[in-house]
Amino acid sequence: ALYIRPEIEQVPVEKLAENLEALAAKKPKDAGVRLNLARLHAMAYALKTDTASILKGKEDHGAWFGFEPKHVPFTTKETDDNAATEAAKAHLDEAIDYYKKAIAIDQNNLTAQLGLGWCLKEAGKEEEAVVQLQKTIEMAWKKEKDLRLGSLGGRYITVEAVAYLTPLLD
């Protein structure tokens, strides 16, 4: 089967963040909103961008990463633009903060656990990243080891976490 083409629009990252922060204020126990904020800021860091794709009319769902994205659905791009680099670092700090907030609400949220490990790695906090990624692998393995069928797209947190951890151990 094929997916129906989604209606996507580009919005400023800051505007989307404001909308999600307002939603977070209304829902103080919602880890998902904080996860969406963390992923938005991590994406803005990685892509060095000030816009995000969203499903049209779904600002409260956060950034759109596709139908079957990885748990960390972006790859870091390099830039020579100092202003973009500084803005990206601020987004990375925000991402780490929101991943921690999501985990404080729901410590079993494996996407948040993995995202935090990836962000710590990107922030150059390798020892913390190793500990976080190892913790994520341990938690995910307990859940995924007996699966006979993977999630849509075959996205296993254990596999993704190992891919981020391995270079830190070599």
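Reply: Happy to. Tyr45, Phe65, Phe74 and Trp118 form one aromatic cluster. Before going on, please keep in mind that this is a predicted model, in which local features need pLDDT of at least 70 and side-chain atom pairs pLDDT 80 or more, while totals for chains, interfaces and linings use all residues. Residues are numbered from 1 along each chain as its sequence is written, and side-chain values use heavy atoms, with hydrogens and water left out.

Rings of Phe, Tyr and Trp (its six-membered ring) pair if their centres lie within 6.5 Å; planes under 30 degrees apart are stacked, over 60 edge-to-face, and the rest tilted. By this rule there are five aromatic pairs. One of them is stacked because the ring centres of Tyr3 and Phe67 are 3.8 Å apart and their planes stand at 5 degrees. Tyr3 comes from the segment before β1 (8-12) and Phe67 from the loop between β2 (51-55) and α3, so this pair ties together parts that are 64 residues apart in sequence. (Helices are DSSP runs of H or I with at least four residues, strands runs of E with at least two, numbered from the N terminus.) Tyr3 counts as partly exposed because its relative accessibility is 42%, and Phe67 is partly exposed as well, at 38%. Here buried means under 20% relative accessible area, exposed over 50%, and partly exposed in between (1.4 Å probe, protein chains only).

Now to the charges. Four salt bridges are found, each a side-chain nitrogen of Lys or Arg within 4 Å of a carboxyl oxygen of Asp or Glu. Among them is Glu86 with Lys89, whose closest N and O atoms are 3.8 Å apart. Both residues sit in helix α3, three residues apart, or about one turn of the helix; Lys89 is partly exposed at 45%. Helix α3 also holds Asp97 and Lys101, four residues apart and so separated by about one helical turn. Their salt bridge has its closest N and O atoms 3.2 Å apart. Asp97 is partly exposed at 31%, and Lys101 is partly exposed at 37%. Another bridge joins the side chains of Lys121 and Glu122 at 2.7 Å, N to O. Lys121 has 22% relative accessibility and Glu122 has 21%.

Glu14 has its place in α1 and is partly exposed at 47%.

Asp50, by contrast, belongs to the loop between α2 and β2 and counts as exposed because its relative accessibility is 58%. The C-alpha atoms of Asp50 and Gln10 are separated by 9.9 Å, although the two residues are 40 apart along the chain. Lys48 lies in the loop between α2 (31-47) and β2 too, and is partly exposed at 22%. Most residues other than glycine have a negative phi. Lys48, however, has a positive phi, near 55 degrees.
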